Structures are given as structure tokens and as C-alpha cells.
Amino acid sequence: MAASNGGKIGDIPTDAMTLNRFVMEEQMKHPGASGSLTLLLSSLCTACKATEAAVRKAGIAQLYGIAGDTNSTGDEQKKLDVLANELFVNLLKSSYQTCAMVSEENEDMIEVPVAKHGRYIVCFDPLDGSSNIDCLVSIGSIFGIYKRNEEEGPVTATHCLLPGNKLVAAGYCVFGTACMMVLSTGNGVNGFTLDPSIGEFILTSPNMTIPSKGKIYSTNEGNAKYLDKKLQQYLHHCKFPSEGKPKAARYVGSMVADVHRTICYGGIFMYPGNSAAPNGKLRLLYECNPMSYIVEQAGGKAVTGRGNERVLDVVPEKLHQRCPIYLGSSDDVDAVLSYLNQ
């Protein structure tokens, strides 16, 4: 029999740190843990894997194109949007760990039958960047998990209006050249790449941290005519600095892809408010909050641009509330704030 070498036989790992194993080991550090969050994260992993599989064969299965409806915020729904939403909703309901859900694709709170009630509220965008689906650009899924106070009585939409500083876990899954799940349960950030040969997410990027300063800025400069003059000055500084090289501009139009690149390479991602859309475009509960939580756990910053207000401190007033956002390397966020707060 061939000898094992560092957890491998040949090129095959025999002691891989799967996402489920990682979460269970984290659970064991908390003797009073019930295991319910572990079960919930397992269901979310399955939803992401099923969505990734659908994305990979969308062209062959004729899943490209518009489904013929609009979502909660007026965006045209793509066929994959509808499919991903159904996967997330059904898998989360059947986990027996949720009591309510908020999805970009549903106008109202998604109720869970009382017989399947758990203690968590999950807010998610089942398929972020859907405008890029048909041209094969990286897209993904985003989720945030809150623990509900069970003493508050029957769950209502009001119980879902929680600030990001109440999150117990958040993550996103990138469907790009590979499929990666990036997860934080409040103790740093870790990245897991899907190994299609065994159908498991494997820890490949432990303890992810964002550089304190980066060389990239990311925003939709097509909206420049509507932007605040102070922000225009910052963008001019990025392109025409008084010293050193200018920053590189990178913008995909898929928040998952743009934020993942920002975490990996450093820099700043911005979707500000402007004269045409004072609160920007991105939704607080299931886009801004989960991403801000992950970025802060990775050592970065995420602010609204209103003074020094953290995104995670914004108390939502409605399920699909929009919020301006500036997130990324701490030095770069401080730099844009120095312009905005002049």
C-alpha cells in the first residue's frame, strides 16, 4: 500500500479540510453550541452548489434569457434568477433552521411553515450580477444570517429589519473560473474552492485578509455626470495623482466579482448615491450588509459616505432598502472619506 505523505497519496488529498468539517470544528470550540448554524450553512452550501451546476449548463439547458417578470426592485428577472431563488428557498425551508427569509426576488418576507421553524433569519441575493449571465461574466450568490430573538412572538417582516452589526455569519459564492465560497462566522474570513470531482468545498484560502492599501478602484463611471463634486475630485485623484502611479480602474458590474477582487488585491469598491439615485442601487439587507461584514472581518472598512457611518450600523426601515457603499482597503476608504467629508 502506498504511504500517505502529508495527508496525500499521490496527488489526491486524504485529509482535506472541507467546508462542513471546518464549520463543525468551529462549532466544537463552543461547548454550548446546538449545531443549528452548522446545519443551516450546510443547506446554504448545497444551494450554492446546485446554483453553480445550473449556471455551468445554462446554455445547454436553455436557461439564458429573461423569464418575463420583474423582481422586488424592478429589475428584469432572468431564468437563472428564478431557478436560483427556488433552490435557495426550498433548501433553506427544508433545513428546519430558518423562521423567515428575505430574497431580492420576492417582494415580501418569505414565511417558513411553523412545523419547519428554526431560530435564524436568512437574507440573500440568490444570483448577483444577473445582467452578466448571458455573456458568461462572473456572477455569484450572497447571504447573511441573523439569529432571531425567539421571545418576540410570531415572526413578521419587522423582525427582519436588523442592522448588519447583528449578523452571526455571512458569505458569498463566486461562479467564475472556479467556484469559491467565502465565509465568515465572526472569526475571520476563509475561502473554500469547490472540487467538482468530489462535490465538496475545500479550504484553499485560510484567514483571508485585505491589503491596507490597493492599486485598484472600482465604480461605474458611466454615472459620473450624476456624482457629487467631491467624489468626482477623488476619482480625478485616482487617475491623476500628484505623486506616484494612477490607480487602475476595474469594474465588472457584478458585486460578488468586484468585491472578491477587492478583497484579494486591495483597493476600493464604490456604489455611491448620486443625484439620480440618492441611495445608490445596492440593497442593504442582502448585498451591502453581508459584503461589509466580510470585508470588516478581513481587516477592511465599509462605510456609507455619510460622515464616518459604517454600513453595518444602518438600521433598515424596509426589506429592499438601498444604501450607498464604499468598501475595501482601510487606507483607500479613509482616502475617499477625506474628500467626501471636506
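Just past helix α5, Gly-266 has a positive phi of about 85°. Helices here are DSSP runs of H or I with at least four residues, strands are E runs of at least two, and both are numbered from the N terminus.

Before we go on, a word on the source: this is a predicted model, in which local features need pLDDT of at least 70, side-chain atom pairs count only at pLDDT 80 or more, and totals for chains, interfaces and linings use all residues. Residues are numbered from 1 along each chain as its sequence is written, and side-chain values use heavy atoms, with hydrogens and water left out.

Helix α5 is mostly covered, with 9 of its 11 residues buried (under 20% relative accessible area, where exposed is over 50% and partly exposed lies in between, using a 1.4 Å probe and protein chains only). Among the buried residues are Asp-258, His-260 and Arg-261.

Helix α5 (residues 255–265) packs with helix α6 (residues 284–297) at an angle of about 15°, and their axes are 11 Å apart. Therefore α5 is roughly parallel to α6 (a term for angles under 35 degrees). The axes are lines fitted to C-alpha atoms, for helices over the stretch in contact, and angles run from 0 to 180 degrees between N-to-C directions. On the α5 side, Met-255, Val-256, Val-259 and Ile-263 make the contact, and on the α6 side Glu-287, Cys-288, Met-291, Ile-294 and Val-295 do (contact means heavy atoms within 4.5 Å). By class, this contact of α5 with α6 has 8 nonpolar, no polar and 1 charged residues; Ala, Val, Leu, Ile, Met, Phe, Trp, Tyr, Cys and Pro count as nonpolar, Asp, Glu, Lys and Arg as charged, and the others, Gly among them, as polar.

Opposite Tyr-326 in β17 stands Val-303.

## A buried aspartate

Elsewhere, Asp-81 sits in helix α3 (residues 79–93). Asp-81 counts as buried because its relative accessibility is 1%. Its C-alpha atom is 9.4 Å from that of Ile-133, 52 residues apart along the chain.

Conventions:
Angles under 35 degrees count as roughly parallel, over 145 as roughly antiparallel, 65 to 115 as roughly perpendicular and the rest as oblique. Two strands pair if DSSP finds at least two bridges between them.
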